[in-house]
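Subject: Handover of a structure for your attention

Dear colleague,

Please find below the structure that I am passing on to you. My notes on what was found in it follow directly after.

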Amino acid sequence: MLAWTIYISFAGAAALLTLKPDQVRAARIVALLASLAGLLVALAGAFEFSASGGLVTVADKAWIPQLNIRYTLAVDGISITLLLLTGIASVTGVLFSWNVTHRTKEFFAFYLALIGGVYGVFLSFDLFLLFVFYELAIVPKYFLIAIWGSTRREYGAMKLALYSFVGSAMVLVGLIAAYVLAGSNTFNLIELAKFPFPRDFQMWAFPLVFVGFAILAGLWPFHTWAPTGHVAAPTAASMLLAGVIMKLGAYGCLRVAMTLFPLGLDDWQHSVLGFGSWRDVFGLLAVIGIVYGAMVALVQKDFKFVIGYSSVSHMGFVLLGLMTLTTIGLSGAVLQMFSHGIIAGLLFAVVGRMVYDRAHTRVLDELEVMRLSKALPFAAGTFVVAGLASMGMPGFSGFVAELQVLIGAWKAFPTFAVLGGLGVLIGVAYTLRAVQKSFFSGHAEPSSELRDGTPNHDLEPISLPEKIGAALLIVCMVVIGVYPQLLLKLIVPALRSDLMAPLLKGGL
Amino acid sequence: MNYWELCRLFAPEITLVLTAGLVLLLDLARGRGVPNRQRMGLAAALASAGCLIAWAFLFMSETRATTLLNGMGVIDPQTNFLKQVLLLLTILTAMISIETEFTDHVGEYFALLLLATVGMMFLVSSENILMIFVSLELLSLSLYVMTAFNKRNPQSAEAALKYFLFGGMAAAFTLFGLSLVYGLSGETSLREIARQLPSHARDPLFLLALLMTVVGFGFKVAAVPFHLWAPDAYQGAPLPSAAFIASGSKVASFFILAKFMMIGLAGTEGSAAWCAFASGWVPALAVLAALSMLLGNLAAIAQKSVRRLLAYSAIAQAGYMLVGLLAHTPQGLASMLYYVITYALTTIGAFAVVAVVQEKSGDDSLAALAGLRQRSPLLAGCMMIFMLSLAGIPPLAGFFGKFYLFTAALNSDAKSLGLLWLVILAIAMSAVSLYYYLQVLKAVFVHAAPPEAPALTMATSTRLVLILLALAVVLLGAVPGTLLEKILSTIP
Amino acid sequence: MSGPITLLTITPLVGAIIIVGLNPQRKSLARGVGFACTLLSLAFAITLWVNFDAKSGALQFVERWPWIPTLNVEYFVGLDGLGLLMVLLTAIVVPFALLASSHVDENPKAFIALLLFLQSGMFGVFTALNFIHWFVFWELSLVPAYFLIKLWGGPRRAPAANQFFIYTMVGSVTLLLSMVAVFLATGSWDFMVLAEKGRSGELTTMLTARLGWFGLSKDALPLVIFGGAFLGFAVKVPLVPFHTWLPATYAEAPTGVSMVLTGVMSKMGVYGFLRVLLPVFPGEMRAVLPLLLWLAVATIVLSACAAFAQRDLKRIVAYSSINHLGYCLLGIFAAAQITGNDPQWNTEKAAALNGVLLQMFNHGLTASALFYFVGLIEQRTDRRGLDDFGGLRKVAPVFCGLMGITMFASLGLPGLNGFVGEFLIFKGAFALTAWASSISVIGLLVTAIFLLTILQRVWSGPLTSQWGGFSDLTVKERLIVLPVIVLMFVLGVCPQLVLNFINPTVLRVVEALKP
């Protein structure tokens, strides 16, 4: 049944293409229905799943028998969590794009195609199929940004597409090499994971595939596409990019790189430059990402850049969690994937849809004089909530996730854990700065006009779709923050399953 | 073996020759005074009919393998299949040429087209170096003239001249090389040569022969460094000629290269494995492949003309195809064939789109494509499919083709993955190629159409061709099993 | 999941949510609902007090549910004497502060909602017994406080609010990291379990055993971890030299918020010392005890002197808060001393600790009342400088009287509530650390001086002409402050009311501290 998430999304995209260009309302409705259907299917799947537990195969058909490639879809707890994230992100993305009037049907068509590809990646258990969906998602991304984006959109779109493609090229090399070495019998993830690849092979294949996926996850120093891309993208695309697409990369790191080549994480023969294994290297890069992303976010002048860099910083936590190789750390990483997806979605929604579409500027200094807390109280409140969640305030989903990552990290790399804590603090600083400058300026005499002369009080009020979208995201943040067990009870058994258990080398 | 049997075996070729004559006659007799478009239409229809009849012959022929005259003609399922593919490509070329206006000599053009096809058909069914050379010449000469056919455009003449001079030189190299092969082995049939040659593998004369034949064949497939004719030919030649060179000629040339190397020079492969190079035809082609992929992709980035871009892209794609050949296994051959066939289909489609735009606006630059989405959604959608397939985006044919090529290359040495370096280079260059394909799509989808852009109408035939090709690319990519099965089953 | 404590904690939360949903125009309705809510909380708190079994020192009203099993985190609440005391303090101060803020006219519903969120957070902090659970509330209480200062504060509120938030966050992060280290060593977040381990000395060995790090010597690691936790609480109290955020924050915050900040939130730091630091890290504390005592002394003396030097009334009260809390810490550190098994020492320690708890409660009352009065002055005259006024007693005698009573209570006049606490602290501390106590007496003296200075400058002396229209306390204002004043007298005369239920808890703590 879960396969319907993919089919509905693509069917929706196709249906949208049949509409006429001026049927804007119809396009919105179709998109909303398709994404809502996807979410409902994912929810239903989640409920059904928690009853049974373990890996559940959704579909398995022969596809290209000459190469032993099969159309295999399956889910475990981790996949379900990410499917839910995609569902929620897709629905809220549509809601926040309700005001798109330029080439609406194509916008939603590309959007739904992208969502379909993402669902496909999370569901695929045949590596060829996974790769197909992964690559497939690059094209809609490019067009969404290049056509409907803002700052330097063509450059941002091309950079994003090329970086993603290079990343997937690296993955492809690793995948084909693994397939061939294993006798070209199967592309099934579980079968390949069981195959004993030689240690030397794993030592270079692992970093290759890991970095290939991690590029999309925003691993420092390959993260530079992220701020440019996020800023250039239209709101819904930014929400998806930061919220879901970056998680595709992290998922690939976990599901493909780490599962297929677990020996790649082992200690090397001799330590090089103080590093003893790829684990140390990537752990360090992750931490650098956390701190660097936070520090750069602190000095940005453009509101959206702050959020873009904060995404890099938060994804650093995910990658750090992956490198801990403990149940706590890995489940924290997956939880952070979900949590940050929601939080980033809301942050971009506020910046892009609520503020930029109305004030027509994202420059913090200009926003400072507008006293937006008076003009847009709902947006101010929403951004405060999102900012608190982003900071890792307890009570929101980010806290438990980051805590688990830090605990897991402490065992393996205590210094990194401390640096991660430092990153959290810097996170507090830049969030406060952004909140203050954008909404709650301390100016005694705020300007009563916007940059282009429109009087402040003429800003249009927050529309109903925006309110619904924001409410949905906030509810998720708070629910998971207060009761993370809802997701953890899916994630942890998945990590202990036969497929993933060999990874848990770090104790705990 | 009497003449009647010979005729039966070569019925398709004979049909085509007859059709060529018929087209010529009809056009000369009735064509004066009739508007060009009608003449084109009629000639194309006739040519297509002839091809279809030839196809029917192939379809109905027995599948038992026959070798004639010391390998001069080989009729087996593989050659039959390839001939069918070539006929299809010819039909498609004929159909997209209906709306083009580059010449008054309609009959001559289609006759040449058909004769070139005949040359290709003989080429794919020959396993004798003499026959190879003769068919190659028939093909090449027809193509040179077809390139020059646009007498109103100096670019066409320049392209043809370059093509001819280059091709002449290459033919000389080929001939010299082939005679050296004959000298060394004392045989003209490829299978016989294969028996004799390995004992001479260390002979410097053999290396010379190898190099020369590589030059000759390399020219034909437009591999670096023998590619210099390609950009001009692709850009300057009349559109159907360019499409034909890019599709049919490529298929045939690659096939004969594969046959020559794998059958004729079997036993002298050598190895291009990393840190385990051994001299033979494999490392020679490996160098060609690497250079083609590098130069083709990097040069394409700077192009402003769509046709030149397609030319450099073709050079790069030739590199990928050579990678598959390097495996010298049946799987490698199958991957190469799969890729070159789907590539040919994609290229004709791309050229068809460019044809429509160029005919109406007289310009083949990227700027002419601006806003194609608004002007003709069909063209835009088809162009998207073709460009993305060339870039290697799933689930299109180009992606699976590349994937299969690389898998085959690695599978040839499954234990130590010797060709990994080449595969890595190929994948990396493939990533680079996304840039310029997206440039085309950017013009089509992102940029707005200039207000004075001419309207884009096209004949039903072109529309039909485009839709068919787009569907084919998508289906062959999503469900490659059928084509793959066919190819694999025909490999002896 | 509806035990009495959860009900108590949820009530302000629910009230806040209701208020958020109200129409912004209906200000008095918002105020009414808010006040009713705080009264409800007070009623719950009193019910808890009445049902509290004062004889046993054990935890009561315990609720325990698994929350995040992966991390061994539970929803664990319970009350002992200390917790009950703090809950009562919160339940009394917040309605007081709410009533004091009835003049807030700009978006009052948000103000009241935030205040209620804050109250809920504080109830949570004082009742939670699993570290992560506790930490959630600890952090969450920062947020409403930040916004209350940021949005309704004085002219330089932005930097003050940021400073407040960031300082406290830094402390929180180090605290979190230290407790994570403890968790990794022991596998538990439970305060009770950790206290047990700390008492038996197991914790130190477990820390060194399981967390070898960077070649830090075996002794250094537990100290570093202790340092992290210490920092977290020291910032909150605040202890010199981590106090620099306080004066600005208290001065810029609106009256009601200052009342809550000084009345309850500052106690969170001391509570942390008592609940977490002392039980879990007794050995480490003793290892650096001289340093800690010096810090406490410095806090007492320096803050008193600084208060003396201030010209802004609010800042005087702010520094005076630091001073009073310094006494609490002096008491705690003194009680942490190693003294041997002689029962006499235990009595001294118990005295000191009882004094600490009493001081927490009493200072909460007096300080919030002081801020209230200063706030009233500021409302009437738009000023709060020490030198701006004079002879106001003539025009506002009741005001002067009540404020005088409060100041004397803060000073420690016998008969009023401040005396008992300070007396007990000094009694115990003198016996345990004579030198520290002696120096701290300076603080007492200076406090007396500056408080009397206020009385003299503001209330006595010739009446400055411009304040002729200074009105006395209205009936409403008198009613607002009356309960607190009454409590000051009652507790001064009859401290038994409180001592009854805190003593058993204190005795347990002292037991655990042996030798």
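Two pairs of chains are in contact, and of these, chains A and B share the most contacts. Please bear in mind throughout that this is a predicted model. Chain B and chain C are joined by no contact, and their closest C-alpha atoms are 40 Å apart.

The contact of chain B with chain A

On this contact, 41 residues of chain B meet 35 residues of chain A. The area buried between chain B and chain A is about 3,300 Å², with 80% of it on carbon and sulfur atoms. On the side of chain B, the residues that lose the most area to chain A are B:Phe403, B:Ile427 and B:Val446, which together account for 17% of what that side buries.

Chain B and chain A have two salt bridges between them. One of the residue pairs that forms a salt bridge is B:Lys442 with A:Glu154, whose closest N and O atoms are 2.8 Å apart.

Which elements of chain B give two or more residues to the side that touches chain A? They are α16 (377-391), α17 (397-411), α18 (420-446) and α20 (481-490) of chain B. The largest share comes from α18(B), which gives 13 residues to that side. Sorted by class, the side of chain B that touches chain A consists of 29 nonpolar, eight polar and four charged residues.

The contact of chain A with chain C

Here 34 residues of chain A and 33 residues of chain C take part. Chain A and chain C bury about 3,000 Å² between them, and carbon and sulfur atoms give 82% of that area. The number of salt bridges between chain A and chain C is zero, while two residue pairs are in polar contact, both at pLDDT 80 or more.

On the side of chain A that touches chain C, two or more residues each come from α14 (327-359), α17 (377-391), α18 (397-412), α19 (414-438), α20 (464-482) and α21 (485-496) of chain A. Of these, α19(A) gives the most, with nine residues. By class, this side of chain A has 24 nonpolar, eight polar and two charged residues.

Chain A itself

The secondary structure of chain A amounts to 21 helices and four strands. Along the principal axes, the C-alpha atoms of chain A fill a box of roughly 70 × 55 × 45 Å. How does the radius of gyration of chain A, 22 Å, stand against that of a compact globule, and why? The two agree, because a compact globule with 508 residues would have a radius of gyration near 23 Å.

Among the strands, β1 (residues 56-64) and β2 (residues 69-75) of chain A run antiparallel and are joined by seven bridges. Within this pairing, A:Thr57 stands opposite A:Ala74 in β2(A). The hairpin of β1(A) and β2(A) has four residues between the strands, and A:Asn68 takes a positive phi near 60 degrees there.

With kind regards

Note on methods
Residues numbered from 1 in each chain as written. Chains lettered and ligands numbered in written order. Predicted model: local features only at pLDDT ≥ 70, side-chain atom pairs only at ≥ 80, totals over all residues. Heavy atoms only, no water. Contact = heavy atoms within 4.5 Å. Buried area = accessible area lost by both parts, 1.4 Å probe. Salt bridge = Lys/Arg side-chain N within 4 Å of Asp/Glu carboxyl O. Polar contact = N/O pair within 3.5 Å; in protein donor to acceptor, adjacent residues only side chain to side chain. Nonpolar A, V, L, I, M, F, W, Y, C, P; charged D, E, K, R; others polar. Pairing = 2+ DSSP bridges. Rg over C-alpha atoms; globule rule 2.2 N^0.38 Å.
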